[in-house]
Amino acid sequence: MKKLLWWLIAGMKGGLNRAKIIKALNDRPYNANQLSEELQLDYKTIRHHIKVLEDNNIIKATGGKYGKMYFLSSSMENNYDIFDEIWEQIGEK
Amino acid sequence: MTENFMNIGPNIGPNSTNMGPPDIRPENMNPGPNGFDVIGIGTYLAIIVGIANICLLIALIYVYMKNYRQLKSKFTMGLLVFASLLLLQNVVSTGFLVLNIVLGMGYHGFDIDRPQAPLSSINIIQLIALSILLKITWD
């Protein structure tokens, strides 16, 4: 889990945005649209990151096809301190 | 005596070799029993693969550099160093091949051409490996 998080955030393209999504979803569930407004990112970008995070079992979705809400998976919640560690090292912005 | 020196002169260029006698074969003869074409194709293929590797590595370094700026850690640093060393290796080896062509492939071309088949197959494997790495990095 630790290595996976590092890879997803620090090893791949767009890792910062991914970290922002995890951070936001830790506060409360969002759907893709709300996330793109909250983080001021392109909807397609958000969709892409959501798919990667979902494929890697970092986040989970509930609800139907439209307006799916996303929240952190239980394994991600259990390992949130690892994420905090990474997040703290991300500089300003 | 002086004439001898004059004859040696032209052979001390890039075309000269220190392995084997340089003056057995006449100038401009195609080196090797397989003829010029085999050597040419092998070398050009190796150069093309090398340049492709360099492009892939530059793309990887671009991503790793961006990540390193955002997140200074052993992990991001390691990725950056890893890709940079591979880039150095490819630039040097491809550079030698290009130099070899630019400076003219004399007997020298044949000398370093022999291990070229296994070497360029390593390069091709590296190309495949780097493509996979870039793909999962870019996702």
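At roughly what angle do the axes of helix α1 (residues 2-11) of chain A and helix α6 (residues 80-89) of chain A cross? Select both helices: their axes come within 10 Å and cross at roughly 35°. Axes here are lines fitted to C-alpha atoms, for helices over the stretch in contact, with angles running from 0 to 180 degrees between N-to-C directions. Helices are DSSP runs (H or I, at least four residues), numbered from the N terminus.

This is a predicted model, in which local features need pLDDT of at least 70 and side-chain atom pairs count only at pLDDT 80 or more, while totals for chains, interfaces and linings use all residues. Residues are numbered from 1 along each chain as its sequence is written, chains are lettered from A in the order in which they are written, and side-chain values use heavy atoms, without hydrogens and water.

Next, show the side chains of A:K2, A:L5, A:W6 and A:I9 in α1(A), which meet A:I82, A:F83, A:E85, A:I86 and A:Q89 in α6(A). Contact means heavy atoms within 4.5 Å. This set divides into 6 nonpolar, 1 polar and 2 charged residues.

Now select chain B, where 15 residues are in contact with 16 residues of chain A. About 1300 Å² is buried between the two chains, 64% of it from carbon and sulfur atoms; this is the accessible area (1.4 Å probe) lost on being put together, summed over both. On chain B, colour α2 (35-70), α3 (74-102) and α5 (116-138), the elements that each give two or more residues to the side touching chain A. That side divides into 8 nonpolar, 5 polar and 2 charged residues.

Methods:
Nonpolar A, V, L, I, M, F, W, Y, C, P; charged D, E, K, R; others polar.
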